[in-house]
Amino acid sequence: MRRPVRIAVTGAAGAISNSLLFKVASGEMFGKDQPVILQLIEMPGRMEALRGLAMELEDCAYPLLHTITLHDNVEEGFNNIHYALLIGARPRGPGMERSDLLESNAEIFTRQGRALNDYANRDVKVLVVGNPANTNALIASRNAPKLSPSQFTALTRLDHNRAKGILANHTGANPRNIGRIVIWGNHSTTQYPDLHHATVLDEPVMNQIDFDWYQNVFIPKIQNRGAEIIEARSVSSAASAAQAVVDHMRDWILGTDAGEIVSMGIVSDGSYGVEKGIFYSFPVRCDYGRYQIVRGLDISEWGRERMRLTEAELLDEKAAVNHLLPPETEASHQNLSICLRSGVTLYADGTGPDASSKYLTTNRVM
Ligand code: NAX
């Protein structure tokens, strides 16, 4: 049995966490031999609800659930953590403009980035779920100068899984036999769900589906799936989002299946011509806690246009929160090549951010 890992979850009494925490505690995320310590964080007014949830977790008597601690602030909740699942965010209220939403979440994620910088384990791996997820990840990452941008990711796995499920339904294939789907860009309606590299039973998907269906039915369906679910059940996707969080983290830490590609929102290093320094969903492969962008996929002009559209939206979002992005972390986000040892940012000259820092030290046991 391994030593327990510490996992912080914000928005821990919310709908996604209500599904997620039971999966994490039962070993679905990091495996049946990995004990977990859950450091659960909520708003002060939600602590009673969180206490109730913690009691339910305790009542499941999960063998892997080592400890639960409850916190009403991130500075305490992020202490020594190895993983951060940033789910809590300010929802869009009536009459609220998109820029207001960006701004109010920017404050939350600025504070969380700083707290990760100051209190988390140096090797912490962060997944941002709360919307706007890509730009919230950027804000958190830019506010954590001691951490590498490659330690921050945004969730686009739900879009990836949606694409797989809907394609499986359309083709009659088992989702297990579908691979190499790519979600490019933002977790929003501008995302580009790309099936040009996807396969069903190792045969190209594009030979098996009608292009009109792909363009006019499939793509808008994936882009608008979140809204469709809200319309049907009056609340947003929760169980499927929790499953996507598990899949994202499991693949990141334990590795993707051989030959498989998954989609993760990560800081752009300029691959595929995407502007550096924004959090953009790319095709990646993971191995031992590292991720690497899958390079060399052929992109048609038709696909490029869609990639640029979602990139433009992310650049707009970045511009809207630019005043909250500290200039001191601009260079590490612009001049980055993601090293095979994830968690380490190399600058173009091959050095790390500060040769004298304890950057490479870690006390993570896994
Ligand atoms: P809920 O409203 O059910 O729960 C959110 C919880 O977060 C609440 O209990 C609230 O008190 C808490 N919270 C808010 N600000 C906090 C802070 N600063 N620190 C700690 N806790 C805080 O929402 P839920 O359905 O769980 O969704 C959470 C977030 O995920 C939303 O922003 C939502 O838009 C986003 N989603 C992102 C997805 C993605 O694929 N990236 C998909 C699912 C989901 O829509």
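Predicted model: local features only at pLDDT ≥ 70, side-chain atom pairs only at ≥ 80, totals over all residues.
Residues are numbered from 1 along each chain as its sequence is written. Helices (DSSP runs of H or I, at least four residues) and strands (E, at least two) are numbered from the N terminus.

**Helix α6 with helix α7**

- Helix α6 spans residues 157-171 and helix α7 residues 211-223; their axes come within 10 Å and cross at roughly 135°. Axes are lines fitted to C-alpha atoms, for helices over the stretch in contact, with angles from 0 to 180 degrees between N-to-C directions.
- Because of this angle, α6 is oblique to α7; angles under 35 degrees count as roughly parallel, over 145 as roughly antiparallel, 65 to 115 as roughly perpendicular and the rest as oblique.
- On the α6 side, Asp159, Arg162, Ala163, Ile166, Leu167 and His170 make the contact, and on the α7 side Trp213, Phe218, Lys221 and Ile222. Contact means heavy atoms within 4.5 Å.
- By class, the contact of α6 with α7 has six nonpolar, one polar and three charged residues. Ala, Val, Leu, Ile, Met, Phe, Trp, Tyr, Cys and Pro count as nonpolar, Asp, Glu, Lys and Arg as charged, and the others, Gly among them, as polar.

**Helix α6 with helix α9**

- The axes of α6 and helix α9 (residues 239-254) come within 8 Å and cross at roughly 105°, so α6 is roughly perpendicular to α9.
- Here α6 contributes Arg157, Leu158 and Asn161, while α9 contributes Ser240, Ala241, Ala244, Asp247, His248, Arg250 and Asp251.
- The contact of α6 with α9 has three nonpolar, three polar and four charged residues.

**His187**

- An unreviewed UniProt entry annotates His187 as "active site"; such annotations may be inferred rather than shown by experiment.
- His187 lies in the loop between β8 (182-184) and β9 (192-194).
- With a relative accessible area of 22%, His187 is partly exposed; buried means under 20%, exposed over 50% and partly exposed in between (1.4 Å probe, protein chains only).
- Leaving aside neighbours within four places in sequence, His187 is in contact with Asn131, Asn134, Leu155, Thr156 and Asp159.

**Thr310**

- Thr310 is in helix α10 (residues 301-321) and is buried, at 0% relative accessibility.
- Not counting residues up to four places away in sequence, Thr310 touches Trp184, Gly185, Asn186, Thr190, Gln191 and Tyr280.

Note on methods:
Heavy atoms only, no water.
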